[in-house]
Amino acid sequence: ANTTAAAEETCARQVIGTVARRAYRRPIPAAELENLVGFYKAVPAPASRGEVGTDRAMLLETNVDDLDPRLWPPVLAGLLEAGASDAWITPIMMKKGRPAHTLSVLVGSDVADRVRTVIFKETSTIGLRESMVDKRSLVRRTRTVVIGGEEIRIKIALLDGVVVNAQPEYEDVALAAARLDRPVKAVLAAATAAAHEAGFAP
């Protein structure tokens, strides 16, 4: 009953390694064993199963019709760096047929002032709409697969203890592709297949 998490993982690693060797009738490479152990760690404790996180956030929005579109990527990056949990733009049409974009930003109240400053400094807007919204999110875990010796994180989401979504971390995929001198799409496909093989994906 007093077994620590580290001791539990060590025990699980030994059991998984033994079962895998017997099931596959061959030695299990370290990378493959890590994937199998990662699946064990991906399953949350029973008390956390079924949890769907609920939170409150502030939604900041503004319509912008006079900003060079080439500036939007650094604007979004700056908002995320300032602490926004998410930021996106939506194409719209304003009165008199003017094309424009709606900038939407989800932010916690603790960093709202910092994010507002970025919006006012980096865009041409002179005002914001602000409202409070509810957020619901699935239980999230991060696991790792190994492609060509490069580690790639897999982001997984669970509902009632069951994996319902799994996606390789794109930055890891792009970095691995560069190091391996392989196309990004090939490494992405390999990482996705490895996630399925390891049981990380639905």
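In this predicted model, the structure holds 9 salt bridges. Side chains of opposite charge can pair when their charged atoms come close.

One of the salt bridges is formed by the side chains of D65 and R98, with a distance of 2.7 Å from N to O. D65 belongs to the loop between β1 (52–64) and α3 (72–81), while R98 belongs to the loop between β2 (86–93) and β3 (99–107), so the pair ties together parts that are 33 residues apart in sequence. D65 has a relative accessible area of 35% and is therefore partly exposed. R98 is likewise described as partly exposed, because its relative accessibility is 28%.

A further salt bridge brings together the side chains of E130 and R116, at 2.6 Å from N to O. Here a strand is joined to a helix: E130 lies in β4 and R116 in α4 (residues 112–122), so the contact ties together parts that are 14 residues apart in sequence. How exposed or buried are the two partners? E130 counts as partly exposed, at 41% relative accessibility. R116, in contrast, is buried, because its relative accessible area of 17% falls under the 20% limit for that class.

Strand β4 (residues 129–147) pairs with strand β5 (residues 150–159) in the antiparallel sense, over 9 bridges. Within this pairing, R143 stands opposite I154 in β5. The hairpin of β4 and β5 has 2 residues between the strands, and G148 takes a positive phi near 60° there.

Which residue does E150 meet in a salt bridge? The partner of E150 is R179, and their closest N and O atoms are 3.1 Å apart. E150 counts as buried, at 18% relative accessibility, whereas R179 is exposed, with a relative accessible area of 55%.

Taken together, these contacts connect several elements of the model.

How values were computed:
Residues numbered from 1 in each chain as written. Predicted model: local features only at pLDDT ≥ 70, side-chain atom pairs only at ≥ 80, totals over all residues. Heavy atoms only, no water. Pairing = 2+ DSSP bridges. Helix = DSSP H or I, 4+ residues; strand = E, 2+ residues; numbered from the N terminus. Salt bridge = Lys/Arg side-chain N within 4 Å of Asp/Glu carboxyl O. Buried < 20%, exposed > 50% of the residue type's maximum accessible area, 1.4 Å probe, protein only.
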